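Let's take a walk through a protein model together. Have the 3D view open as you read, so that you can find each residue along the way.

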Amino acid sequence: MSAVVIVGAQWGDEGKGKIVDVLTEKADVVARYQGGHNAGHTVVINDEKFILHLIPSGILHRNKLCVVGNGVVIEPAALIEEINGLKQRKVNVDRNLLISKNAHLIMPYHIAADCANEKLRGAKKIGTTGRGIGPTYVDKMARIGIRMVDLYYPTVLKEKIDANLKEINYLLKNRYKTRGFSTKKIFERYTEYGKVLHRYVADTDIVVNDMIAGGKKVLFEGAQGTLLDVDHGTYPFVTSSSAVAGGACTGTGIGPTMISKVIGVVKAYTTRVGGGPFPTEITNAVGEDLRHRGGEYGATTGRPRRCGWLDFVGLRHAVRVNGLTGIAITKLDILDSLDRIKVCVAYKHRGRLFYDFPKEFSLLQHATPVYEEVQGWKESTIGIRKFARLPKNAQKYIRKIEETLDVSVDMISTGQRRDELIMVRGQF
């Protein structure tokens, strides 16, 4: 049995797309287990850039089955656009993509409510992408969501849309002071979406379990990151789904005993997008330089990412809640120009030191990072493929991460390209 979960160990944007892409070479199946098209994975192959939002990055390999699991929320138009874009670039989607019947659909009223609610929050806005992700998960938990399978039962689909609009139209008109929606128009549009997507829809939980039982190698791909997890992140500045490794079980329909390894993807520094606490944020020219050198702009929205030093407090939390068996370090090369590099080893608040990630939002918001400094290497690491060839201080930096977190560093990315990677230990 070989089932590996790839999970973000920070606030997302760690470079999971490349790690999944590399590991897909040895995998048979890649399954996405949560989030929506608010996520973006960037993969560079032979200097050609691919940005994927819903479809697993494994689709860029030949003859690899890619699954969009039931834990993912899908905006059909966005998915169809992504499928068509890949086809135009000669990627074989039709034979290699399956979508769960139980995946919930983002409806137009979810997007309207998301945008209106953020506007109403004013200065206290969460910083969502405005793509309807949160409201879709709200309806899922309220048991009024519309799933992919509903597209193929017209009576059920129309009844659900009509019932939901009675409430949401009242809310849109009276609370948000915006226009409502028509059952007829949404029904017709989503019926057409259903026709386009029908060939991909399947009982993916059965497919994935059968693959594992048959000895196939399965890779589970998460979106966002641990510190954005709805239960274990910096609530309320989080995403709306289970981004931790456990989400792979609920989001695809496998049991926890099926998972053999969990690899946490860790950027060599830290970034986050949107609002919320960020203890190690760098607000001076060093942070600007990291953003510029690292191309730290959202793959989905283009929003500039906030940049900061590596945070061991948050990473220890990620190791624990995910049960990490290994780590993949990304963007090591972005630190190449620095004389000194800081790492956060604890938080300080009102004279007290915290080595474990605080649950109290106010504490986290006002915590001061306690730093140690390590020597930079001032040499290029771009394209290095052997650990022994890294500059000595870069090796020390990696070893410090391993020793502090008590988890092995199994992979090190040294550039954007697929082949710019040090594989310390294989995963399959």
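What follows is a short tour of some helices, cores and single residues in this structure. Please keep in mind that the model is predicted.

**Helix H7 and its two sides**

Let's begin with helix H7, residues 204-213, where the buried residues are Thr204, Val208 and Ile212. These three cover an arc of only 70° around the axis, so they sit on the same side of H7. Turn to the other side of H7 and you will find Asp210 and Ala213, which are exposed.

What do the buried residues of H7 pack against? Their partners are strands: E1 (2-8), E5 (65-68), E7 (97-100), E9 (201-202) and E10 (217-221). After H7 comes Gly215, with a positive phi near 85°.

**Helices H2 and H6**

Two packed helices are described by the angle between their axes and the distance between the axes. For helix H2 (residues 76-88) and helix H6 (residues 183-197), the axes come within 10 Å and cross at roughly 35°. The crossing of H2 past H6 is left-handed. On the H2 side, the contact is made by Pro76, Ala77, Leu79, Ile80 and Ile83, while H6 brings in Tyr190, Tyr193, Val196 and Leu197. Sorted by class, this contact of H2 with H6 has nine nonpolar residues, no polar ones and no charged ones.

**The nonpolar cores**

In soluble globular proteins, nonpolar side chains tend to be buried together. Here the largest nonpolar core holds 57 residues, and the members that touch the most others are Ile6, Ile59, Leu60, Ile74, Leu86, Leu97 and Ile99.

Gly17 belongs to helix H1 (residues 16-24). Its relative accessibility is 2%, so Gly17 counts as buried. Not counting residues up to four places away in sequence, Gly17 touches His41, Thr42, Val43 and Ser57. The C-alpha atoms of Gly17 and Ala223 are separated by 9.1 Å, though the two residues are 206 residues apart along the chain.

Thr330 lies in strand E15 (residues 326-330). With a relative accessible area of 4%, Thr330 is buried too. Neighbours within four places in sequence aside, Thr330 is in contact with Glu14, Gly15, Ile19, Val265, Val266, Lys267, Ala268 and Ser413.

**Backbone points to check**

Where in the chain is there a cis peptide bond? Look between Tyr235 and Pro236, where omega is about 10°. Pro236 is found in the loop between E10 and helix H8 (247-252).

Gln224 is also placed in the loop between E10 and H8, whereas Arg143 is in the loop between helix H4 (133-141) and helix H5 (154-174).

| Residue | Phi | Relative accessibility |
|---|---|---|
| Arg143 | near 65° | 76%, exposed |
| Gln224 | near 55° | 10%, buried |

Is Gln224 buried or exposed? Gln224 is buried, at 10% relative accessible area, whereas Arg143 is exposed, at 76%.

Definitions and conventions. Residues are numbered from 1 along each chain as its sequence is written. This is a predicted model: local features need pLDDT of at least 70, side-chain atom pairs count only at pLDDT 80 or more; totals for chains, interfaces and linings use all residues. Side-chain values use heavy atoms; hydrogens and water are left out. Buried means under 20% relative accessible area, exposed over 50%, partly exposed in between (1.4 Å probe, protein chains only). Helices (H or I, at least four residues) and strands (E, at least two) are DSSP runs, numbered from the N terminus. The arc is that of the directions from the helix axis to the C-beta atoms. Contact means heavy atoms within 4.5 Å. Axes are lines fitted to C-alpha atoms, for helices over the stretch in contact, and angles run from 0 to 180 degrees between N-to-C directions. A crossing is left-handed if the near helix is turned anticlockwise from the far one by less than a right angle, and right-handed if clockwise. Ala, Val, Leu, Ile, Met, Phe, Trp, Tyr, Cys and Pro count as nonpolar, Asp, Glu, Lys and Arg as charged, and the others, Gly among them, as polar. A nonpolar core is a set of buried Ala, Val, Leu, Ile, Met, Phe, Trp, Tyr and Cys residues joined through side-chain atoms within 4.5 Å.
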